[in-house]
Amino acid sequence: MNQSNPIPIIGILGGGQLGRMFIQNAIRYDATVFILDPEANAPCAQLASRFVQGDFNDFQTVLDFGRSVGILTVEIEHVNASAVLQLESEGIRVYPQSHVLSLIQHKGKQKDFYAMHNIPTSPYVFVENRAEISDLDESWFPCFQKLFTSGYDGKGVKRLNSKADIEEAFDSPSLLEKLVDIKMEIAVMVSGHADKSFKAFPAVDMVFHPEANLVEFLSAPSELPVHVTSQAEEMAIDIAQKLGIQGLLAIEFFLDINNQLIVNEMAPRPHNSGHHTIEGNVVSQFDQHFRSIVGWAPGETSTVKPAVMLNVLGEPGYSGDVKYVGLEEISAMPGVSVHLYGKKTTKPYRKMGHITVTAESTAEAMKIAHKVRDVIKVIA
Ligand SMILES: Nc1ncnc2c1ncn2[C@@H]1O[C@H](COP(=O)(O)OP(=O)(O)OP(=O)(O)O)[C@@H](O)[C@H]1O
Ligand SMILES: [Mg+2]
(Lines give C-alpha, C1' and ligand atoms only; values in the text may rest on other atoms or scores of the structure.)
(Ligands and ions follow the chains in the order given, each with its own letter.)
Protein backbone atom coordinates (compact mmCIF):
# COMPACT_ATOMS: atom_id res chain seq x y z
CA MET A 1 0.00 0.00 0.00
CA ASN A 2 1.24 3.46 -0.88
CA GLN A 3 0.67 5.06 2.54
CA SER A 4 1.66 8.58 1.53
CA ASN A 5 -0.97 8.78 -1.20
CA PRO A 6 -4.77 8.85 -0.73
CA ILE A 7 -5.34 7.25 -4.15
CA PRO A 8 -6.08 3.53 -3.77
CA ILE A 9 -3.87 1.07 -5.65
CA ILE A 10 -5.05 0.88 -9.26
CA GLY A 11 -5.00 -2.51 -11.00
CA ILE A 12 -5.22 -2.88 -14.79
CA LEU A 13 -6.28 -6.01 -16.66
CA GLY A 14 -3.88 -5.93 -19.60
CA GLY A 15 -0.36 -4.54 -19.85
CA GLY A 16 -0.03 -3.30 -23.42
CA GLN A 17 0.56 0.21 -24.76
CA LEU A 18 -2.68 1.63 -23.34
CA GLY A 19 -1.71 0.51 -19.85
CA ARG A 20 1.79 1.85 -20.40
CA MET A 21 0.55 5.34 -21.31
CA PHE A 22 -1.94 5.17 -18.41
CA ILE A 23 0.99 4.53 -16.04
CA GLN A 24 3.07 7.31 -17.61
CA ASN A 25 0.29 9.71 -16.65
CA ALA A 26 -0.67 8.15 -13.30
CA ILE A 27 2.85 8.49 -11.86
CA ARG A 28 2.41 12.26 -12.08
CA TYR A 29 0.02 11.80 -9.14
CA ASP A 30 2.41 9.37 -7.44
CA ALA A 31 -0.27 6.69 -7.88
CA THR A 32 0.56 3.00 -7.57
CA VAL A 33 -0.41 0.80 -10.54
CA PHE A 34 -0.45 -3.01 -10.63
CA ILE A 35 -0.68 -4.88 -13.96
CA LEU A 36 -1.98 -8.32 -14.97
CA ASP A 37 -0.86 -9.58 -18.40
CA PRO A 38 0.04 -12.99 -19.84
CA GLU A 39 3.24 -11.77 -21.53
CA ALA A 40 6.41 -11.67 -19.38
CA ASN A 41 7.78 -8.72 -21.38
CA ALA A 42 4.54 -6.83 -21.97
CA PRO A 43 4.92 -3.05 -22.55
CA CYS A 44 3.99 -2.44 -18.87
CA ALA A 45 6.24 -5.09 -17.33
CA GLN A 46 9.07 -2.70 -16.43
CA LEU A 47 6.83 0.20 -15.40
CA ALA A 48 4.25 -1.34 -13.07
CA SER A 49 4.74 -1.17 -9.29
CA ARG A 50 3.76 -4.82 -9.37
CA PHE A 51 3.56 -6.94 -12.50
CA VAL A 52 1.59 -10.20 -12.32
CA GLN A 53 2.02 -12.60 -15.22
CA GLY A 54 -1.31 -14.31 -15.78
CA ASP A 55 -4.40 -14.71 -17.95
CA PHE A 56 -7.01 -11.95 -17.67
CA ASN A 57 -9.59 -14.38 -19.09
CA ASP A 58 -9.17 -16.78 -16.19
CA PHE A 59 -11.77 -16.38 -13.40
CA GLN A 60 -9.52 -17.18 -10.43
CA THR A 61 -6.53 -15.20 -11.75
CA VAL A 62 -8.64 -12.06 -12.20
CA LEU A 63 -10.28 -12.58 -8.79
CA ASP A 64 -6.92 -12.91 -7.00
CA PHE A 65 -5.47 -9.93 -8.83
CA GLY A 66 -8.57 -7.77 -8.27
CA ARG A 67 -8.55 -8.49 -4.52
CA SER A 68 -5.03 -6.99 -4.30
CA VAL A 69 -6.11 -3.54 -5.52
CA GLY A 70 -8.59 -0.80 -4.54
CA ILE A 71 -9.67 0.22 -8.05
CA LEU A 72 -9.70 -2.12 -11.02
CA THR A 73 -9.78 -1.05 -14.67
CA VAL A 74 -9.02 -2.55 -18.09
CA GLU A 75 -7.04 -1.72 -21.18
CA ILE A 76 -8.75 -4.44 -23.20
CA GLU A 77 -12.44 -5.42 -23.00
CA HIS A 78 -11.92 -9.15 -23.53
CA VAL A 79 -11.46 -10.06 -19.87
CA ASN A 80 -13.30 -12.43 -17.54
CA ALA A 81 -16.50 -10.47 -16.85
CA SER A 82 -17.81 -12.94 -14.21
CA ALA A 83 -14.74 -12.36 -12.09
CA VAL A 84 -15.19 -8.62 -12.49
CA LEU A 85 -18.83 -8.95 -11.37
CA GLN A 86 -17.74 -10.99 -8.34
CA LEU A 87 -15.13 -8.34 -7.42
CA GLU A 88 -17.77 -5.61 -7.65
CA SER A 89 -19.96 -7.54 -5.21
CA GLU A 90 -16.99 -7.69 -2.84
CA GLY A 91 -16.71 -3.89 -2.88
CA ILE A 92 -13.78 -3.45 -5.26
CA ARG A 93 -14.36 -0.34 -7.36
CA VAL A 94 -14.39 -1.56 -10.97
CA TYR A 95 -14.50 0.91 -13.91
CA PRO A 96 -15.83 0.33 -16.51
CA GLN A 97 -18.47 -1.55 -14.51
CA SER A 98 -19.11 -5.26 -15.20
CA HIS A 99 -22.45 -4.58 -16.93
CA VAL A 100 -20.71 -2.24 -19.39
CA LEU A 101 -17.90 -4.74 -20.00
CA SER A 102 -20.18 -7.68 -20.70
CA LEU A 103 -22.32 -5.61 -23.06
CA ILE A 104 -19.44 -4.16 -25.05
CA GLN A 105 -17.34 -7.33 -25.26
CA HIS A 106 -20.13 -8.90 -27.34
CA LYS A 107 -20.69 -7.12 -30.69
CA GLY A 108 -24.22 -8.58 -30.92
CA LYS A 109 -25.23 -7.17 -27.52
CA GLN A 110 -23.75 -3.83 -28.60
CA LYS A 111 -26.02 -3.78 -31.67
CA ASP A 112 -29.08 -4.69 -29.60
CA PHE A 113 -28.22 -1.86 -27.21
CA TYR A 114 -28.16 0.66 -30.10
CA ALA A 115 -31.44 -0.68 -31.48
CA MET A 116 -33.16 -0.62 -28.08
CA HIS A 117 -32.18 3.01 -27.51
CA ASN A 118 -32.87 4.24 -31.06
CA ILE A 119 -29.20 5.01 -31.62
CA PRO A 120 -28.59 4.98 -35.38
CA THR A 121 -26.68 1.88 -36.46
CA SER A 122 -26.66 -0.12 -39.68
CA PRO A 123 -29.36 -2.87 -39.98
CA TYR A 124 -28.12 -6.28 -38.75
CA VAL A 125 -28.96 -9.93 -38.33
CA PHE A 126 -27.39 -12.63 -36.13
CA VAL A 127 -26.10 -15.93 -37.53
CA GLU A 128 -24.75 -19.03 -35.78
CA ASN A 129 -22.69 -20.36 -38.69
CA ARG A 130 -22.00 -20.20 -42.42
CA ALA A 131 -25.06 -22.29 -43.31
CA GLU A 132 -27.34 -19.63 -41.84
CA ILE A 133 -25.73 -17.04 -44.10
CA SER A 134 -26.74 -19.01 -47.21
CA ASP A 135 -30.34 -18.93 -46.00
CA LEU A 136 -30.39 -15.13 -45.91
CA ASP A 137 -32.12 -13.00 -48.49
CA GLU A 138 -29.82 -11.50 -51.18
CA SER A 139 -30.94 -8.05 -50.01
CA TRP A 140 -28.53 -8.39 -47.03
CA PHE A 141 -25.56 -8.13 -49.40
CA PRO A 142 -23.11 -6.45 -49.63
CA CYS A 143 -22.55 -6.66 -45.88
CA PHE A 144 -19.94 -6.86 -43.16
CA GLN A 145 -19.71 -9.98 -41.03
CA LYS A 146 -18.42 -9.39 -37.48
CA LEU A 147 -17.56 -12.06 -34.94
CA PHE A 148 -19.47 -11.58 -31.69
CA THR A 149 -16.36 -11.78 -29.56
CA SER A 150 -12.60 -11.28 -29.57
CA GLY A 151 -12.20 -9.29 -32.81
CA TYR A 152 -9.79 -6.34 -32.87
CA ASP A 153 -7.91 -4.26 -35.50
CA GLY A 154 -10.25 -5.54 -38.19
CA LYS A 155 -9.34 -9.20 -37.46
CA GLY A 156 -12.88 -10.33 -36.65
CA VAL A 157 -14.42 -8.45 -39.58
CA LYS A 158 -15.07 -9.61 -43.17
CA ARG A 159 -16.73 -7.89 -46.09
CA LEU A 160 -19.07 -10.17 -48.05
CA ASN A 161 -20.07 -8.69 -51.40
CA SER A 162 -22.61 -11.35 -52.28
CA LYS A 163 -23.64 -14.88 -51.40
CA ALA A 164 -20.89 -16.02 -53.76
CA ASP A 165 -18.38 -14.96 -51.05
CA ILE A 166 -19.85 -17.45 -48.57
CA GLU A 167 -16.72 -19.65 -48.64
CA GLU A 168 -14.74 -16.75 -47.15
CA ALA A 169 -17.26 -16.12 -44.35
CA PHE A 170 -16.51 -16.97 -40.71
CA ASP A 171 -18.26 -20.19 -39.69
CA SER A 172 -18.94 -18.86 -36.16
CA PRO A 173 -21.55 -16.96 -34.15
CA SER A 174 -21.50 -13.47 -35.58
CA LEU A 175 -23.59 -10.63 -36.92
CA LEU A 176 -24.06 -9.44 -40.45
CA GLU A 177 -24.65 -5.76 -40.99
CA LYS A 178 -25.48 -3.90 -44.15
CA LEU A 179 -22.76 -2.00 -45.91
CA VAL A 180 -22.81 1.71 -45.14
CA ASP A 181 -21.84 4.09 -47.97
CA ILE A 182 -19.19 5.85 -45.98
CA LYS A 183 -18.06 9.39 -46.63
CA MET A 184 -15.92 9.71 -43.48
CA GLU A 185 -15.12 7.81 -40.31
CA ILE A 186 -14.80 9.82 -37.13
CA ALA A 187 -14.35 9.02 -33.46
CA VAL A 188 -15.29 10.66 -30.17
CA MET A 189 -13.80 9.92 -26.77
CA VAL A 190 -16.18 10.55 -23.88
CA SER A 191 -15.99 9.88 -20.15
CA GLY A 192 -18.43 9.26 -17.33
CA HIS A 193 -17.68 10.45 -13.79
CA ALA A 194 -18.71 9.70 -10.22
CA ASP A 195 -20.68 12.95 -9.98
CA LYS A 196 -22.77 11.66 -12.95
CA SER A 197 -21.22 14.21 -15.29
CA PHE A 198 -20.12 13.26 -18.80
CA LYS A 199 -17.57 15.00 -20.98
CA ALA A 200 -16.53 14.53 -24.60
CA PHE A 201 -13.28 15.33 -26.38
CA PRO A 202 -13.57 17.08 -29.76
CA ALA A 203 -14.28 14.60 -32.59
CA VAL A 204 -11.37 13.37 -34.73
CA ASP A 205 -11.15 12.36 -38.40
CA MET A 206 -9.78 8.94 -39.29
CA VAL A 207 -7.91 9.14 -42.57
CA PHE A 208 -7.74 5.80 -44.34
CA HIS A 209 -4.84 4.49 -46.39
CA PRO A 210 -5.78 4.81 -50.09
CA GLU A 211 -5.01 1.14 -50.86
CA ALA A 212 -4.73 -0.84 -47.61
CA ASN A 213 -8.02 -0.83 -45.67
CA LEU A 214 -6.58 0.63 -42.47
CA VAL A 215 -6.55 3.92 -40.62
CA GLU A 216 -3.32 5.61 -41.52
CA PHE A 217 -3.63 9.02 -39.89
CA LEU A 218 -5.85 10.52 -37.25
CA SER A 219 -6.47 14.21 -37.57
CA ALA A 220 -7.74 16.36 -34.71
CA PRO A 221 -9.93 18.24 -34.32
CA SER A 222 -12.19 16.95 -37.09
CA GLU A 223 -12.53 19.22 -40.12
CA LEU A 224 -16.18 18.32 -40.67
CA PRO A 225 -18.71 21.15 -40.20
CA VAL A 226 -19.35 22.04 -36.57
CA HIS A 227 -23.00 20.96 -36.73
CA VAL A 228 -21.81 17.41 -37.57
CA THR A 229 -19.03 17.24 -34.96
CA SER A 230 -21.22 18.67 -32.23
CA GLN A 231 -23.94 16.18 -33.11
CA ALA A 232 -21.38 13.34 -32.80
CA GLU A 233 -20.16 14.70 -29.47
CA GLU A 234 -23.75 14.96 -28.18
CA MET A 235 -24.51 11.44 -29.37
CA ALA A 236 -21.37 10.19 -27.60
CA ILE A 237 -22.47 11.79 -24.33
CA ASP A 238 -25.97 10.38 -24.75
CA ILE A 239 -24.59 6.86 -25.31
CA ALA A 240 -22.27 7.11 -22.30
CA GLN A 241 -25.23 8.26 -20.19
CA LYS A 242 -27.46 5.43 -21.40
CA LEU A 243 -24.72 2.93 -20.61
CA GLY A 244 -24.17 4.55 -17.24
CA ILE A 245 -20.44 4.12 -17.71
CA GLN A 246 -17.86 5.42 -15.27
CA GLY A 247 -14.57 5.59 -17.14
CA LEU A 248 -13.57 6.38 -20.68
CA LEU A 249 -15.57 5.32 -23.75
CA ALA A 250 -14.42 5.50 -27.38
CA ILE A 251 -17.12 5.67 -30.04
CA GLU A 252 -16.48 5.14 -33.75
CA PHE A 253 -18.96 6.70 -36.19
CA PHE A 254 -19.59 6.53 -39.90
CA LEU A 255 -20.75 9.64 -41.70
CA ASP A 256 -22.63 8.29 -44.70
CA ILE A 257 -22.99 9.89 -48.10
CA ASN A 258 -26.29 11.42 -46.95
CA ASN A 259 -24.47 13.09 -44.06
CA GLN A 260 -26.14 10.85 -41.47
CA LEU A 261 -24.11 9.84 -38.43
CA ILE A 262 -24.22 6.11 -37.76
CA VAL A 263 -22.60 4.42 -34.77
CA ASN A 264 -20.13 1.72 -35.80
CA GLU A 265 -18.82 0.42 -32.49
CA MET A 266 -17.50 1.40 -29.07
CA ALA A 267 -14.73 0.47 -26.63
CA PRO A 268 -14.88 1.13 -22.86
CA ARG A 269 -11.29 2.31 -22.37
CA PRO A 270 -8.57 4.56 -23.76
CA HIS A 271 -8.32 4.09 -27.52
CA ASN A 272 -5.98 4.54 -30.46
CA SER A 273 -8.12 7.43 -31.69
CA GLY A 274 -7.39 9.40 -28.50
CA HIS A 275 -3.59 9.26 -28.46
CA HIS A 276 -3.22 12.76 -29.91
CA THR A 277 -4.80 14.18 -26.72
CA ILE A 278 -1.46 13.70 -24.89
CA GLU A 279 0.01 16.64 -26.80
CA GLY A 280 -3.10 18.17 -28.42
CA ASN A 281 -5.59 18.72 -25.58
CA VAL A 282 -5.66 20.27 -22.12
CA VAL A 283 -6.02 16.84 -20.48
CA SER A 284 -5.16 13.60 -22.25
CA GLN A 285 -7.48 10.61 -22.58
CA PHE A 286 -5.26 8.79 -20.06
CA ASP A 287 -5.59 11.61 -17.55
CA GLN A 288 -9.35 11.74 -18.08
CA HIS A 289 -9.63 7.98 -17.51
CA PHE A 290 -7.54 8.35 -14.36
CA ARG A 291 -9.72 11.20 -13.06
CA SER A 292 -12.81 9.20 -13.82
CA ILE A 293 -11.84 5.94 -12.11
CA VAL A 294 -10.47 7.59 -8.96
CA GLY A 295 -13.77 9.44 -8.59
CA TRP A 296 -12.79 12.95 -9.64
CA ALA A 297 -14.64 15.40 -11.90
CA PRO A 298 -13.68 15.57 -15.59
CA GLY A 299 -10.77 17.71 -16.75
CA GLU A 300 -10.89 20.27 -19.56
CA THR A 301 -10.90 18.52 -22.96
CA SER A 302 -10.52 21.41 -25.38
CA THR A 303 -7.89 21.47 -28.11
CA VAL A 304 -4.61 23.19 -27.36
CA LYS A 305 -3.08 22.56 -30.79
CA PRO A 306 -4.24 20.79 -33.95
CA ALA A 307 -2.63 17.37 -34.13
CA VAL A 308 -2.13 14.46 -36.50
CA MET A 309 -1.33 11.00 -35.16
CA LEU A 310 0.13 8.12 -37.10
CA ASN A 311 0.65 4.59 -35.92
CA VAL A 312 4.17 3.18 -36.16
CA LEU A 313 3.63 -0.25 -37.66
CA GLY A 314 6.01 -3.16 -38.22
CA GLU A 315 7.34 -3.05 -41.77
CA PRO A 316 6.01 -5.91 -43.92
CA GLY A 317 8.69 -8.53 -44.53
CA TYR A 318 10.35 -8.18 -41.11
CA SER A 319 9.78 -10.33 -38.02
CA GLY A 320 11.97 -10.65 -34.92
CA ASP A 321 13.93 -8.41 -32.52
CA VAL A 322 12.86 -4.85 -33.25
CA LYS A 323 15.09 -2.10 -34.72
CA TYR A 324 13.92 1.47 -35.36
CA VAL A 325 15.30 3.42 -38.31
CA GLY A 326 15.05 7.21 -38.55
CA LEU A 327 14.17 8.08 -34.93
CA GLU A 328 16.72 10.87 -34.63
CA GLU A 329 15.73 12.35 -37.97
CA ILE A 330 12.00 12.49 -37.20
CA SER A 331 12.65 13.85 -33.71
CA ALA A 332 14.29 16.87 -35.34
CA MET A 333 11.11 17.68 -37.30
CA PRO A 334 8.92 20.46 -35.81
CA GLY A 335 6.13 19.41 -33.45
CA VAL A 336 6.99 15.71 -33.49
CA SER A 337 6.42 13.58 -30.35
CA VAL A 338 7.50 9.95 -30.44
CA HIS A 339 5.83 7.21 -28.38
CA LEU A 340 7.35 3.73 -28.62
CA TYR A 341 5.54 0.98 -26.78
CA GLY A 342 8.53 -1.10 -25.69
CA LYS A 343 7.56 -4.23 -27.62
CA LYS A 344 10.63 -6.44 -27.99
CA THR A 345 9.70 -8.03 -31.30
CA THR A 346 8.14 -6.77 -34.49
CA LYS A 347 5.99 -8.43 -37.14
CA PRO A 348 4.23 -7.05 -40.24
CA TYR A 349 1.75 -4.29 -39.31
CA ARG A 350 2.14 -4.82 -35.53
CA LYS A 351 1.42 -1.56 -33.67
CA MET A 352 4.87 -0.70 -32.26
CA GLY A 353 4.26 2.92 -31.36
CA HIS A 354 2.67 6.13 -32.53
CA ILE A 355 3.82 9.60 -33.42
CA THR A 356 1.90 12.80 -32.86
CA VAL A 357 2.62 15.95 -34.81
CA THR A 358 1.23 19.24 -33.52
CA ALA A 359 1.21 22.39 -35.65
CA GLU A 360 -0.71 25.62 -36.22
CA SER A 361 -3.20 23.77 -38.47
CA THR A 362 -4.12 20.15 -39.15
CA ALA A 363 -3.03 20.69 -42.78
CA GLU A 364 0.45 21.70 -41.62
CA ALA A 365 0.59 18.80 -39.14
CA MET A 366 -0.50 16.42 -41.92
CA LYS A 367 2.36 17.59 -44.17
CA ILE A 368 4.92 16.84 -41.48
CA ALA A 369 3.19 13.53 -40.61
CA HIS A 370 3.64 12.39 -44.23
CA LYS A 371 7.38 13.16 -43.99
CA VAL A 372 7.55 11.24 -40.72
CA ARG A 373 5.84 8.26 -42.31
CA ASP A 374 8.37 8.19 -45.14
CA VAL A 375 11.36 8.25 -42.77
CA ILE A 376 10.49 6.04 -39.78
CA LYS A 377 10.86 2.31 -40.36
CA VAL A 378 10.40 -0.62 -38.00
CA ILE A 379 12.55 -3.56 -39.05
CA ALA A 380 14.19 -6.59 -37.44
N1 LIG B 1 -21.32 -1.74 -42.02
C2 LIG B 1 -20.19 -1.29 -42.55
N3 LIG B 1 -20.20 -0.62 -43.73
C4 LIG B 1 -19.07 -0.16 -44.30
N5 LIG B 1 -17.84 -0.34 -43.75
C6 LIG B 1 -17.73 -0.99 -42.58
C7 LIG B 1 -18.91 -1.52 -41.92
N8 LIG B 1 -18.50 -2.12 -40.79
C9 LIG B 1 -17.15 -1.99 -40.74
N10 LIG B 1 -16.67 -1.33 -41.82
C11 LIG B 1 -15.25 -1.01 -42.10
O12 LIG B 1 -14.40 -1.93 -41.44
C13 LIG B 1 -13.61 -1.27 -40.42
C14 LIG B 1 -13.43 -2.18 -39.22
O15 LIG B 1 -14.69 -2.50 -38.63
P16 LIG B 1 -14.90 -2.45 -37.04
O17 LIG B 1 -14.52 -1.11 -36.54
O18 LIG B 1 -16.26 -2.92 -36.73
O19 LIG B 1 -13.88 -3.60 -36.62
P20 LIG B 1 -12.74 -3.73 -35.51
O21 LIG B 1 -12.16 -5.07 -35.63
O22 LIG B 1 -13.27 -3.34 -34.20
O23 LIG B 1 -11.70 -2.71 -36.00
P24 LIG B 1 -10.71 -1.79 -35.14
O25 LIG B 1 -10.21 -2.58 -33.98
O26 LIG B 1 -9.66 -1.48 -36.18
O27 LIG B 1 -11.52 -0.60 -34.76
C28 LIG B 1 -14.39 0.01 -40.14
O29 LIG B 1 -13.55 1.00 -39.60
C30 LIG B 1 -14.92 0.36 -41.54
O31 LIG B 1 -13.92 0.95 -42.33
MG1 LIG C 1 -13.34 -0.26 -35.28
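Select helix α1 (residues 17-26) and helix α9 (residues 285-294): they pack at an angle of about 75°, with their axes 9 Å apart. This is a predicted model, in which local features need pLDDT of at least 70, side-chain atom pairs count only at pLDDT 80 or more, and totals for chains, interfaces and linings use all residues. Residues are numbered from 1 along each chain as its sequence is written, while chains are lettered from A and ligands numbered from 1 in the order in which they are written.

**Stop 1: α1 against α9**

Two packed helices are described by the angle between their axes and the distance between the axes. Axes here are lines fitted to C-alpha atoms, for helices over the stretch in contact, and angles run from 0 to 180 degrees between N-to-C directions. α1 and α9 are therefore roughly perpendicular to each other (65 to 115 degrees; under 35 is roughly parallel, over 145 roughly antiparallel, the rest oblique). Show Met21, Phe22, Asn25 and Ala26 on α1, then Phe286, Asp287, His289 and Phe290 on α9; these make the contact (C-beta atoms, placed from the backbone, within 7 Å). By class, the residues are 5 nonpolar, 2 polar and 1 charged. Ala, Val, Leu, Ile, Met, Phe, Trp, Tyr, Cys and Pro count as nonpolar, Asp, Glu, Lys and Arg as charged, and the others, Gly among them, as polar. Helices (H or I, at least four residues) and strands (E, at least two) are DSSP runs, numbered from the N terminus.

**Stop 2: α2 against α3**

Move to helix α2 (residues 59-66) and helix α3 (residues 81-89). Their packing angle is about 35°, and the axes lie 8 Å apart. On α2, pick Phe59, Val62, Leu63 and Gly66; they meet Ser82, Ala83, Val84, Gln86 and Leu87 of α3. This contact has 6 nonpolar, 3 polar and no charged residues.

**Stop 3: the four-stranded sheet**

Now colour the open sheet of 4 strands, ordered β6-β9-β7-β8 with antiparallel pairing (two strands pair if DSSP finds at least two bridges between them). Why is one side of β6 and of β8 left without a neighbour in the sheet? β6 (124-127) and β8 (157-160) stand at the edges, so each has a single partner strand. Neighbouring strands are turned by 25° against each other on average, direction ignored. Helix α5 (residues 107-116) packs on the sheet and touches β6, β7 and β9 (174-178); its direction makes about 45° with that of β9. Strand β7 (residues 143-147) runs antiparallel to β8, joined by 4 bridges. Zoom in on Gln145: its bridge partner in β8 is Lys158.

**Stop 4: strand β14**

Select β14 (residues 247-256). Is this strand mostly covered or mostly uncovered? Mostly covered: 8 of its 10 residues are buried. Buried means 20 or more other C-beta atoms within 10 Å of the residue's own, exposed 12 or fewer, and partly exposed in between, with C-beta atoms placed from the backbone. Strand β10 (residues 182-192) is antiparallel to β14, with 10 bridges. Gly192 has Gly247 of β14 as its bridge partner. Strand β15 (residues 261-267) also runs antiparallel to β14, through 6 bridges. Glu252 has Glu265 of β15 as its bridge partner. β14 and β15 form a hairpin with 4 residues between them, and Asn259 in the turn has a positive phi of about 65°.

**Stop 5: two single residues**

Finish with Arg373 in helix α11 (residues 362-375). Arg373 is partly exposed because 17 C-beta neighbours lie inside 10 Å. Its C-alpha is separated from that of Phe217 by 9.8 Å, across 156 residues of chain. Then go to Glu329 in helix α10 (residues 327-331). Glu329 is partly exposed, with 13 other C-beta atoms within 10 Å. Draw a line from Glu329 to Leu101: 228 residues apart in sequence, 42 Å apart from C-alpha to C-alpha.

Technical notes. Contact = placed C-beta atoms within 7 Å.
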